[in-house]
Amino acid sequence: MAEDDKRSYIDYDTFLDPDFSPTAFANSLVIATNNPSDTPIDLSTPLSKVLFDIQEIDTHIHTLTTRSAIPLLTHTKDQADAGERIVADVEAQVASLTEGYQRLQKDVIEQYEEADEVRIAVERLWETVRVGRSVARCLTLGRQLETHMAEVGESGGAAAQVKKGDHRAMIRASNTLLSIRQILAASEPDEEGEHLSKINLITYLQNSVLTPAETTLRNRAQQIIREFSMSSLAPSSSAPATYAQSEETKSRTTSALLTLQILNPRLLLAALQAYLRTSLTSSLASIARALGNLPTLDRTLLEVSARCQNILALESLLDTIKPRQPVSREAGDQTENQAGNLLEPLLAALDTSSLPSFFWRSLAEGLAPRVGDLVGKGGVSARALRSQKERVKDSIRECVLRGSQGPGGIKVRAGTWEREAAVMIGSVIGSLGR
């Protein structure tokens with residue numbers, strides 16, 4: 001074949017060049033066989049050369065294939081035989097793999113499918129058991145709650161016969177109620193109360209036990225706070241409270257305060273603010289009436305002093321009570337629960353450093369326009385108020401100082417109340433001097 005290439009006049013290197021361009025090659029043939037200045041270009045000569053070259057290459061290929069036919073056929077047969085042997089070997093391997101897969105399907109996959117069915121059944125049984133345990137725990141706590149409520153005195157039964165009206169049971173009932181609420185609130189996937197909302201018995205427990213118990217505890221605690229009184233200044237037909245009665249009042253109020261704090265710290269804050277608001281409203285109305293009828297002023301100021309003493313006693317009690325740490329609810333409640341005592345959140349909400357100071361300053365703020373209206377109307381009351389200005393001044397100062405002293409058995413924080421007395425006197429006497 002090398003000798004044939006040498007005898008051939010065709011430049012195979014040009015055609016085998018990777019950068020070979022048919023357009024450039026055709027252009028070179030046309031230029032080589034024509035004069036560039038000729039107007040008619042002769043294309044027959046280069047075309048004949050190309051056709052002759054193609055014929056020469058075809059002849060050369062025919063010669064080579066004829067001469068090498070037997071080796072080519074032998075090589076092709078060898079390749080076909082080798083392919084058949086490979087296919088036979090591959091078919092044997094495929095058959096072995098198929099047999100192994102069938103055995104694997106029988107020994108593993110089918111058993112896995114059976115095991116998976118068992119797994120699903122076990123998971124469902126476990127879920128049922130878990131729900132059953134949660135329901136049982138809720139019912140147990142519900143029964144404990146009923147027992148505690150009976151001790152509080154809101155239902156009948158043997159427990160009520162033994163410890164009727166036990167205010168300490170309010171705290172126990174609140175803790176139990178909050179434990180149930182915690183279970184019911186844990187309703188996320190894989191939590192204890194995930195499916196409890198779908199259980200009719202739990203719905204009945206909520207409607208017939210939890211909600212009434214929470215309402216009763218809240219109302220009872222709020223009532224105890226509203227009725228809190230430890231001062232012996234106010235005129236009363238009953239004898240002054242004994243030490244035991246005072247301690248019972250503090251203990252009962254402590255239970256009420258902790259009950260509301262456990263149920264919801266915001267409820268406690270609202271109840272305390274309502275207590276202060278009621279004392280302020282009553283004191284403001286009674287002083288305004290008494291300034292128009294001076295013979296009743298001393299008795300009225302005594303009642304106001306008593307209210308302030310009660311507020312002072314409440315402040316002292318709140319200062320000694322540390323908040324319980326119930327189930328975490330919201331970020332705001334958690335912040336309130338981090339306080340050192342029950343007094344700190346109330347002082348922060350009122351933006352004051354002392355409840356008596358808040359009482360006197362708020363009372364003075366509301367009293368000034370009332371006195372201004374009284375003086376503006378003129379008449380006998382205004383003239384009497386101006387004529388007895390010094391007596392009124394002394395009475396108000398005595399009222400503030402007397403009310404800022406703790407009632408018997410109550411330790412209060414040391415402090416001076418001259419500023420509060422001056423503010424109260426100014427709210428009344430300031431209007432008289434105009």
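Reader: What makes up the contacts in the chain between residues at least 6 apart in sequence?
Author: Of these contacts, 74% join residues at least 24 apart. Contact here means heavy atoms within 4.5 Å.

Reader: What kind of model is this?
Author: The model is predicted: local features need pLDDT of at least 70, side-chain atom pairs count only at pLDDT 80 or more, and totals for chains, interfaces and linings use all residues. Residues are numbered from 1 along each chain as its sequence is written, and side-chain values use heavy atoms, with hydrogens and water left out.

Reader: How many helices and strands does the chain have?
Author: The chain has 17 helices and zero strands. Both are DSSP runs numbered from the N terminus: helices are H or I with at least four residues, strands are E with at least two.

Reader: Why is α7 called oblique to α8?
Author: Helix α7 (residues 168-185) and helix α8 (residues 200-226) pack at about 140°, with axes 11 Å apart. That angle makes α7 oblique to α8. Under 35 degrees counts as roughly parallel, over 145 as roughly antiparallel, 65 to 115 as roughly perpendicular, and the rest as oblique. The axes are lines fitted to C-alpha atoms over the stretch in contact, and angles run from 0 to 180 degrees between N-to-C directions.

Reader: Which hand does the crossing of α7 and α8 have?
Author: Left-handed. The term applies if the near helix is turned anticlockwise from the far one by less than a right angle; clockwise gives right-handed.

Reader: Which residues of α7 and α8 meet?
Author: From α7 come M170, A173, S174, L177, I180, R181 and L184. Their partners in α8 include I202, Q206, L210 and E214. By class, this contact of α7 with α8 has ten nonpolar, three polar and three charged residues. Nonpolar covers Ala, Val, Leu, Ile, Met, Phe, Trp, Tyr, Cys and Pro; Asp, Glu, Lys and Arg are charged; the others, Gly among them, are polar.

Reader: What makes α14 and α17 roughly parallel to each other?
Author: The axes of α14 and helix α17 (residues 418-432) cross at roughly 5° and come within 8 Å. The pair therefore counts as roughly parallel. Contact residues include W360, L367 and V371 of α14, and V423, M424 and L432 of α17. Eleven residues of this contact of α14 with α17 are nonpolar, four polar and three charged.

Reader: How do α10 and α14 cross?
Author: The axes of helix α10 (residues 265-291) and helix α14 (residues 355-377) come within 9 Å and cross at roughly 35°. Their crossing is right-handed. L276, L280 and L284 are among the α10 residues that meet α14, whose side includes F358, F359 and L363. This contact of α10 with α14 has 14 nonpolar, four polar and one charged residues.

Reader: How many aromatic pairs does a search of the whole structure find?
Author: Three. Rings of Phe, Tyr and Trp (its six-membered ring) pair if their centres lie within 6.5 Å; planes under 30 degrees apart are stacked, over 60 edge-to-face, and the rest tilted.

Reader: Why is the pair of F20 and F25 called tilted?
Author: Their planes stand at 50°, so the pair is tilted; the ring centres are 5.8 Å apart.

Reader: And what makes F359 and W360 edge-to-face?
Author: Their planes are at 70°, so the pair is edge-to-face, with centres 5.0 Å apart.

Reader: Are F359 and W360 buried or exposed?
Author: Both are buried. Buried means under 20% relative accessible area, exposed over 50%, partly exposed in between (1.4 Å probe, protein chains only). F20, at 28%, is partly exposed. F25, at 23%, is partly exposed too.
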